[in-house]
Amino acid sequence: MMVISSGPRRLLIVVVSAVAALLPFYSAHAEMSAWADNEGGRMRLVALAPDAAGKIRAALQIEPKPGWITYWKEPGGNGIPPQITVAAESGVTLDAIAYPVPKHFFNGAIEDIAYDAPVTLPLSLTAAGKGPVTIDAAAFIGICKDICIPFQANLQLKLGPAIQSHPQEEAILQAADARLPKPPSPDFDVTAHAMSPDRKTLSLTLALPGGGPGEGPGEGTDAPDIIVTGPSGYAFTKQIGGKRDGATFKVDVAIGKLPKNYDISGKRWSVLVIDGERAMETTLAFQ
């Protein structure tokens with residue numbers, strides 16, 4: 001089904017471009033920007049100097065206050081996925097954003113895929129030139145409790161020479177990488193997938209860690225948490241008739257309403273599978 005954050009929670013609407021023009025820069029002359037604060041939490045930018053190829057390891061640190069959440073990359077419904085843009089004139093481009101394993105929350109009619117504790121989103125950047133680098137980034141996230149508050153900040157960071165050691169920043173980035181879902185492996189993978197002709201269900205066959213009932217948390221007869229992401233803005237989580245047989249798990253995932261005239265041929269969706277303490281993310285290609 002499509003993940004929807006509805007019910008009593010209200011989303012405060014803003015015009016992003018107008019707000020951006022009014023926000024101050026949170027700058028620093030080190031490898032961490034100053035913290036930008038909000039009613040529901042704070043965030044900052046962390047980065048290391050470019051390597052010889054101009055590649056920059058960086059991250060957006062987000063710390064929700066107790067009782068607040070911030071969203072994963074595909075929240076659906078009223079949720080706000082993280083958005084990061086880097087000013088073109090800085091000579092730095094954003095290549096990719098990675099997302100640690102989220103939690104799946106249910107509160108009445110509200111279903112959220114989010115983080116309720118500090119989270120660090122790894123960023124891959126590239127610097128065009130060879131001289132000093134200044135990153136001018138605009139970060140826009142949703143941070144929610146009883147209401148969802150759009151949280152935007154302009155974060156500026158001037159990077160020092162690559163020859164300097166920055167153990168604190170290295171530790172932050174390494175910890176963030178460790179929380180990312182792993183790629184498929186022989187014992188944890190999607191071995192088959194098929195969309196029904198009416199596009200109402202997606203059939204999945206999974207190889208899961210362990211081999212049978214009672215072999216650890218999340219294993220045996222327990223169903224893994226499965227989050228399928230399709231077109232932008234759509235996530236599907238409702239499982240139908242899941243059955244675990246040793247290390248094999250077969251299940252149908254209900255597919256809610258797709259965009260009008262959506263043609264799945266040639267599309268590539270993603271699936272995140274969380275089984276106990278392990279998480280795996282892979283791509284589903286449709287012919």
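## Terms and values in a predicted model

User: Why is D95 called partly exposed?

Analyst: The relative accessibility of D95 is 42%, and because partly exposed lies between buried (under 20% relative accessible area) and exposed (over 50%), with a 1.4 Å probe and protein chains only, D95 counts as partly exposed. This is a predicted model, in which local features need pLDDT of at least 70 and side-chain atom pairs count only at pLDDT 80 or more, while totals for chains, interfaces and linings use all residues. Residues are numbered from 1 along each chain as its sequence is written, and side-chain values use heavy atoms, with hydrogens and water left out.

User: What makes the pair of D95 and K55 a salt bridge?

Analyst: The closest N and O atoms of D95 and K55 are 3.9 Å apart, and since a salt bridge is a side-chain nitrogen of Lys or Arg within 4 Å of a carboxyl oxygen of Asp or Glu, the pair qualifies. It links distant parts of the chain, with D95 in strand β8 and K55 in strand β5, 40 residues apart; strands here are DSSP runs of E with at least two residues, and helices are runs of H or I with at least four, numbered from the N terminus. K55, at 43% relative accessibility, is also partly exposed.

User: How do you know that D275 is buried?

Analyst: Its relative accessible area is 3%, and R244, at 14% relative accessibility, counts as buried as well. The side chains of D275 and R244 meet in a salt bridge, with 3.3 Å from N to O, and this pair links strand β20, which holds D275, to strand β18 (residues 239-245), which holds R244, across 31 residues. Elsewhere, salt bridges that share partners join R57, E170 and D177 into one network, and the structure holds eight salt bridges.

User: Why are the buried residues of α2 said to line one face of the helix?

Analyst: The buried residues of helix α2 (residues 167-178) are E169, I172, L173 and A176. Seen down the axis of α2, they fall within an arc of 90 degrees, so they line one face, the arc being that of the directions from the helix axis to the C-beta atoms. On the other side of α2, P167, Q174 and A178 are exposed, whereas the cover over the buried residues includes β4 (41-47), β5 (55-64) and β11 (119-127).

User: Which residues touch the most other members of the largest nonpolar core?

Analyst: They are M43, I56, L60, V92 and I135, in a core of 38 residues, where a nonpolar core is a set of buried Ala, Val, Leu, Ile, Met, Phe, Trp, Tyr and Cys residues joined through side-chain atoms within 4.5 Å. Among the elements that each supply at least two residues of this core are β4, β5, β7 and β11. A second, separate core of 24 residues includes L206, V228, V253 and L258.

User: What makes N261 exposed?

Analyst: The relative accessible area of N261 is 71%, so N261 falls in the exposed class. N261 lies in the loop between β19 (248-254) and β20, and its phi is near 60 degrees, a positive value in a residue other than glycine. R199, in the loop between β14 (189-195) and β15 (201-207), also has a positive phi of about 60 degrees although it is not a glycine, but R199, at 27% relative accessibility, counts as partly exposed.

Terms used: Contact = heavy atoms within 4.5 Å.
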